[in-house]
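Subject: Handover of a structural model

Dear colleague,

Please find below the structure that I am handing over to you, followed by an account of what was found in it.

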Amino acid sequence: MRSASKIALVFISLLLVMGLAVSPGPAAADSAMRLKVGEKAPDFRMKDVMTGKTVTLSEFAGKKVVMLEFWATWCDICKREMPNLVKLNNAWKPKGFELLSIVLPSGNINDIKKIINEKKLTYPVLLDADLAMATKLYGLAGPIPLKIVIDHKGVIRYSHVGDYPPGEDELPFVLEDLVKEMGKGK
């Protein structure tokens, strides 16, 4: 029975990630998740793949601007943009920013750890092993990578599906505005 459950989870995961594999144009970005900009981001509780530490969104409330980055081990776009995310994290973390990587179940834990080490990820990587966070809480229904930026009050303020064209990246401008708001107590 245990193997049947595992096969079912793999099959459902495969169906979900197959639907997530294509990077849409700008018009499709709104359909990547059920939640919309302006809505409260649901809290979650997951373990960091490398440290085993439990991480919750609520621990950053009032203290940090948080970006969730949904990805999978098979996603080449996701892996290609990781060095830029490391740079973004390193530049903005001292200013009140926290990047939380959410990996969808798409390989074994060793595959995930190998990518973390190869890409020298400097931020927590949280495994959404049963897709409960991605599908039930956030209603992920579109392609990955998906970035969701949440302000210090826990409100979704920005989302972006896919990578950015060379030379373009809205994230620093978004983060600058939200960090300023946090500093002003808005």
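K180 and E176 both belong to helix 5, where they stand four residues apart, about one turn of the helix. Helices (H or I, at least four residues) and strands (E, at least two) are DSSP runs, numbered from the N terminus. The model is a predicted one, in which local features need pLDDT of at least 70 and side-chain atom pairs count only at pLDDT 80 or more, while totals for chains, interfaces and linings use all residues. Residues are numbered from 1 along each chain as its sequence is written, and side-chain values use heavy atoms, with hydrogens and water left out.

The side chains of K180 and E176 form a salt bridge at 3.4 Å, N to O; the term denotes a side-chain nitrogen of Lys or Arg within 4 Å of a carboxyl oxygen of Asp or Glu. K180 is partly exposed at 45% relative accessibility, and E176 is likewise partly exposed, at 34%. Here buried means under 20% relative accessible area, exposed over 50%, and partly exposed in between (1.4 Å probe, protein chains only).

Buried in helix 5 are L171, V174, L175, L178, V179, E181 and M182. They cover an arc of only 155 degrees around the axis, which places them on the same side of helix 5; the arc is that of the directions from the helix axis to the C-beta atoms. The face turned away from this buried side carries the exposed residues F173, G183 and K184. The cover over the buried residues includes strand 3, helix 2, strand 4, strand 6 and strand 7, where contact means heavy atoms within 4.5 Å.

Five strands make up an open sheet of mixed pairing, in the order 5-4-3-6-7. Its edges are strand 5 (125-127) and strand 7 (156-161), each of which pairs on one side only. From one strand to the next, the twist averages 20 degrees. Two strands count as paired if DSSP finds at least two bridges between them. Strand 4 (residues 97-103) and strand 5 run parallel and are joined by three bridges; S101 has V125 of strand 5 as its bridge partner.

Helix 2 (residues 76-92) lies across strand 3 (65-71), strand 4 and strand 6 (146-150), at about 170 degrees to strand 3. Axes are lines fitted to C-alpha atoms, for helices over the stretch in contact, and angles run from 0 to 180 degrees between N-to-C directions.

E98 lies in strand 4 and K64 in the loop between strand 2 (54-56) and strand 3, so the pair ties together parts 34 residues apart in sequence. E98 is buried, at 7% relative accessibility.

The side chains of R80 and D163 also form a salt bridge, at 3.1 Å, N to O. This pair links distant parts of the chain, 83 residues apart: R80 is in helix 2, and D163 is in the loop between strand 7 and helix 5 (171-184). R80 is exposed, at 53% relative accessibility, whereas D163 is partly exposed, at 28%.

Yours sincerely
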